[in-house]
Amino acid sequence: MLKVVVIGTGWWGMELGKAAKSLPGSVRIAGCYSLSAAECAVFCSQLGGKVYPTFEAVLADTTVNAVFLATPHSTHVGQIAQAAAAADVGDVSDYLAAGGSGQELRRMFQTAQEWTPEWVFTDNT
């Protein structure tokens, strides 16, 4: 059973949560983190799990297997690097939009070379 946390609880975060919930034999929603306490409350009431107080708290939870990023694209590189550095999170799913800079791509590749996750998703839609 894959235990996941959704970071960002706006429209896309809710869609990711619904998709995860649709796989009850394979995926369990551990919870969410967002800057909006109200959105977190809605997410957990509809999809389950707990509200994590910070992104760092998600990364510190060694029972979490995957993190789905549904945050602004400009924050993804830093979040990926932070998750990789924490090393307690086995997988990072990043739904990344096109348009990142070459510098960001180099930083992601450097992070990937230093960290070996079980799997990483990217989505340029």
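Reply: Accessible area here comes from the Shrake-Rupley method with a 1.4 Å probe, and for residues only the protein chains shown count as cover. By that method the protein chain exposes about 6,700 Å², with carbon and sulfur atoms supplying 57% of it.

One caution: the model is predicted, so local features need pLDDT of at least 70 and side-chain atom pairs pLDDT 80 or more, while totals for chains, interfaces and linings use all residues. Residues are numbered from 1 along each chain as its sequence is written, and side-chain values use heavy atoms, leaving out hydrogens and water.

Along the sequence they go β-α-β-α-β-α-β-α-β-α-β. Of the 125 residues, 43% are buried (under 20% relative accessible area; over 50% is exposed, and partly exposed is in between).

Let's zoom in on helix α1, residues 11–21. Gly13, Met14, Leu16, Gly17 and Ala20 are its buried residues. Looking down the axis of α1, they sit within an arc of 160 degrees (taken from the directions from the axis to the C-beta atoms), so they line one face of the helix. What does that buried set pack against? The partners are β1 (2–7), β2 (27–33), α2 (37–47) and β4 (66–69), where contact means heavy atoms within 4.5 Å.

Now for those partners. β1 and β4 pair in the parallel sense over four bridges (pairing takes at least two DSSP bridges), and Val6 stands opposite Phe68 in β4. In β4, Ala66 and Phe68 point one way, Val67 and Leu69 point the other, and all are buried.

In β2 you'll find Arg28, which is partly exposed at 46% relative accessibility. Skipping residues up to four places away in sequence, Arg28 touches Met1, Leu2, Lys3 and Val4. Arg28 and Asn65 are 37 residues apart in sequence, yet their C-alpha atoms are 9.9 Å apart.

Finally, the cysteines. The whole structure has zero disulfides (cysteine sulfur pairs within 2.5 Å). For Cys32, the nearest cysteine sulfur is that of Cys40, 3.7 Å away. Cys32 is buried at 0% relative accessible area, and Cys40 is buried too, at 1%.

Methods: Buried means under 20% relative accessible area, exposed over 50%, partly exposed in between (1.4 Å probe, protein chains only).
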